[in-house]
Amino acid sequence: MSTLRAWVIEPRDPLVIGSGRPAYLAKRVRSLPFPLPSATAGLVRTRIGMESGGEFSPQRINELKQVPIVGPWLALLGPDGDVQENLFPAPRDCVFYRPLENPPQPPSNHLIRHRLTLDWGAPKGGMTDLSKLTPVGIADQAPQGKPTPGPAFWRWRELQEWLFQPDSGPREVPLAPAFGMDALVRESRTHVSIDSATGTSRDEHLFTMDGLRFSTKGRDRLGLVFACGEGMTQGPVFLGGERRVSFARPAPAAAIPALPADFSLGTDRMARVVLLTPGIFGKGFRPASFGEGATLVACVV
């Protein structure tokens, strides 16, 4: 990470992050809930590959594919657009439940979080056909009721506690915004297709498109942080589909989260890996290798 530089993208318009589904198959185009790393990679490499005249140089494609890129992740921005705090997707090995009240009370502004582990006491005789992977479950006393969605994004300090205190039991946590943030606001826009010959709308060419809103009146100012190699320049950029306008500018190195100074893997023979962005491996969700002697025993996707 020492050779990478931090950047922040602040979308002006709602971002349309396509799922790869052709638009003509549906009257409503739904954006993915968050930009994929490939969207940021496309933006950065296109930006670096632009010549002074504003045209992309195909001769540099192989060179541009070697530009390292990390991210993006969500960030809370200050009044001047500076990065105040990083927010990351909720880890998949956490399950939230609502506190049980007796007698029943209005919904609490707190949730109880539980950790999925390997040592949860799986029923004898239980089996799985998922490539011989071990099922995971809640190790502490099984909660009553059904799981409930928690904050979609966690503040970095909360995620650090989750990562570095793996033996912590159930904990009551506040709802967003104290603990993190809910999913990004979706904004829908209805469009028509215009016939260039008549200047009027085409019949049966009415469709709706969803976008992710990063700045809304009365809400926090949000942006995307990523890190990349040399060559990126600041200014207006297009991220995602529909050429929606965003602004890219350098961010301080502190915007890239760092491990604590006293971090150590210790002597444990088992490690838990949490991805901060979606990952696609050689075998789909399953990495072909974790390194010499390491074996995947369980996963939550």
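Where is the place of Glu-242? Glu-242 sits in the loop between strand E14 (235-238) and strand E15 (245-250).

## Model and conventions

This is a predicted model: local features need pLDDT of at least 70, side-chain atom pairs count only at pLDDT 80 or more, and totals for chains, interfaces and linings use all residues. Residues are numbered from 1 along each chain as its sequence is written, and side-chain values use heavy atoms, with hydrogens and water left out.

## Overall make-up

The protein has 3 helices and 15 strands. Helices (H or I, at least four residues) and strands (E, at least two) are DSSP runs, numbered from the N terminus. Of the 301 residues, 34% are buried. Buried means under 20% relative accessible area, exposed over 50%, and partly exposed in between (1.4 Å probe, protein chains only).

Among contacts with a separation of 6 or more, 70% link residues 24 or more positions apart; contact means heavy atoms within 4.5 Å.

## The open sheet

An open sheet is formed by 8 strands, in the order E10-E8-E4-E3-E13-E1-E15-E14, with antiparallel pairing. Strand E10 (180-181) and E14 stand at the edges with a single partner strand each, so one side of each has no neighbour in the sheet. Two strands pair if DSSP finds at least two bridges between them. Phe-153 has Met-181 in E10 as its bridge partner.

Now take strand E13 (residues 221-228). Here 7 of the 8 residues are buried, so E13 is largely enclosed by the rest of the structure. E3 runs antiparallel to E13, joined by 7 bridges. In that pairing Leu-76 stands opposite Leu-222 in E13. Strand E1 (residues 5-11) also pairs with E13 in the antiparallel sense, over 5 bridges. Ile-9 has Leu-224 in E13 as its bridge partner.

## Arg-115

Arg-115 is in strand E6 (residues 110-117). The residue is buried yet has no salt bridge. A salt bridge is a side-chain nitrogen of Lys or Arg within 4 Å of a carboxyl oxygen of Asp or Glu. The nearest side chain of opposite charge is Asp-93, 4.6 Å away. For charge, Lys and Arg count as positive and Asp and Glu as negative; His and the chain ends are not counted.

Which backbone oxygen lies 3.2 Å from a polar atom of the side chain of Arg-115? That of Trp-162. The backbone oxygen of Gln-165 is 3.1 Å from a polar side-chain atom of Arg-115. Leaving aside neighbours within four places in sequence, Arg-115 contacts several residues, including Gly-137, Ile-138, Ala-139, Pro-166, Ser-168 and Arg-272.

## Backbone exceptions

Most residues other than glycine have a negative phi, and most peptide bonds are trans. Glu-242 has a positive phi of about 65 degrees although it is not a glycine. Arg-243, likewise not a glycine, has a positive phi of about 50 degrees. Arg-243 is also in the loop between E14 and E15. Is Arg-243 buried or exposed? Arg-243 is exposed, with a relative accessible area of 58%.

Gly-71 and Pro-72 are joined by a cis peptide bond, with omega about 15 degrees. Pro-72 lies in strand E3 (residues 69-77).

How values were computed
Polar contact = N/O pair within 3.5 Å; in protein donor to acceptor, adjacent residues only side chain to side chain.
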